[in-house]
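This briefing covers a predicted model.

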Amino acid sequence: MTDTNEFKVHLDDVVSKIKDLPTLPEVAMEMLQNLEDEDSSLDMVTEKIAMDHSVTAKLLKLANSSYYGSNSKVVTLQQATAMLGIKNVKNLIRLTTLSNKFPTASCPAFNFKAFWRHSVATAVCAELISRALHMKHDFAFTAGLLHDIGRLVLVTCYPANYDEVLRYRTETDCPLLEAERSIMHIDHVDAGLALAIHWNFSEAVCDAIRGHHHPEQENLNVLASVIHIANAIVHALDLAGDENDMLPLLSQAAWDTLGLGEADYLSIFRETEMRFDALDQIVL
């Protein structure tokens, strides 16, 4: 039996290590934090993107992908941003800079590829759900992208501990949260919320991270229910490609809160798969 005290971690230690993580580029932080800024023009965003060759290349690839179906080849950054629109451009910046920022830690059992596939797919699905509900799309995409970011914090800061978490989960066939709490005495929700607060994210995004497993908690923003349902849909569609994936329990309260019908969900399923496929080929 594992001595869990050997791998126990205090939340204060996590917060301290978060402060030592490399900071994100200025343009990425701006795209992640200033979600209510409707005045940022496409020209302003394009000017900033032009300084990042990696993002520029991916925007051009996305604009020329079959999903967007351009009749002629898109060859300039200005053409790409005009075709994709400011929301899609911002979203690509968010996921590109985040997926490139965290190093692949020394944790053999952690599947980084599957982690990012799940995060991106959840972001796409959450945005589609928010559109169906006439909510703010930027919040939903960012919250979906970040909902499991605490896992990345734990595996980056404590790779040996997290390797033990994943070994324990496999041996006991238990949910990941249970394994994290059993071994490390904290979970990825705690770590993700600590990171979100450190990066000054909005209260809505913090609520989504806090409640993505248990959205029925009192006084949470409805975004928590959106992310909870999007997370469940992506697990059900098996978009991460993780052989150890487990379908989470679905909150009836979250399902009832959204109140979407069968036709809405069928449309969301199809569009999630198509949009994720386009991004998967370019970013991940």
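**Helix α12 and its ends**

The points below describe the helix itself, then the core and the aromatic rings.

- Helix α12 spans residues 188–198, and eight of its eleven residues are buried, so the rest of the structure largely encloses it.
- The buried residues of α12 include His188, Val189, Gly192 and Leu195.
- The N-terminal end of α12 is capped by Asp187, which places a side-chain oxygen 2.9 Å from the backbone nitrogen of Val189.

**Nonpolar core**

- The largest nonpolar core comprises 83 residues, and those with the most contacts inside it are Val14, Phe110, Ile129, Tyr162, Met184 and Leu223.
- Helix α7 (residues 112–132) contributes the most to this core, with eleven residues.
- Leaving aside residues up to four places away in sequence, Phe110 touches Phe115, Arg151, Leu152, Val155, Tyr162 and Leu166.

**Aromatic pairs**

- The count of aromatic pairs comes to seven.
- One of them joins Trp199 and Phe201 edge-to-face, at 5.8 Å centre to centre and 85° between the planes; Trp199 and Phe201 are both buried.
- The ring centres of Tyr265 and Phe269 are 6.3 Å apart with planes at 35°, so this pair is tilted.
- Both Tyr265 and Phe269 belong to helix α16 (residues 262–282), where they are four residues apart, about one turn of the helix.
- Tyr265 is buried, with a relative accessible area of 4%, whereas Phe269 is partly exposed at 29%.
- Phe110, Phe112, Phe115, Trp116 and Tyr162 are linked into a cluster by ring pairs.

Technical notes. Residues numbered from 1 in each chain as written. Predicted model: local features only at pLDDT ≥ 70, side-chain atom pairs only at ≥ 80, totals over all residues. Heavy atoms only, no water. Buried < 20%, exposed > 50% of the residue type's maximum accessible area, 1.4 Å probe, protein only. Helix = DSSP H or I, 4+ residues; strand = E, 2+ residues; numbered from the N terminus. Polar contact = N/O pair within 3.5 Å; in protein donor to acceptor, adjacent residues only side chain to side chain. Core = buried A, V, L, I, M, F, W, Y, C linked by side-chain atoms within 4.5 Å. Contact = heavy atoms within 4.5 Å. Phe/Tyr/Trp six-rings, centres within 6.5 Å; stacked < 30°, edge-to-face > 60°.
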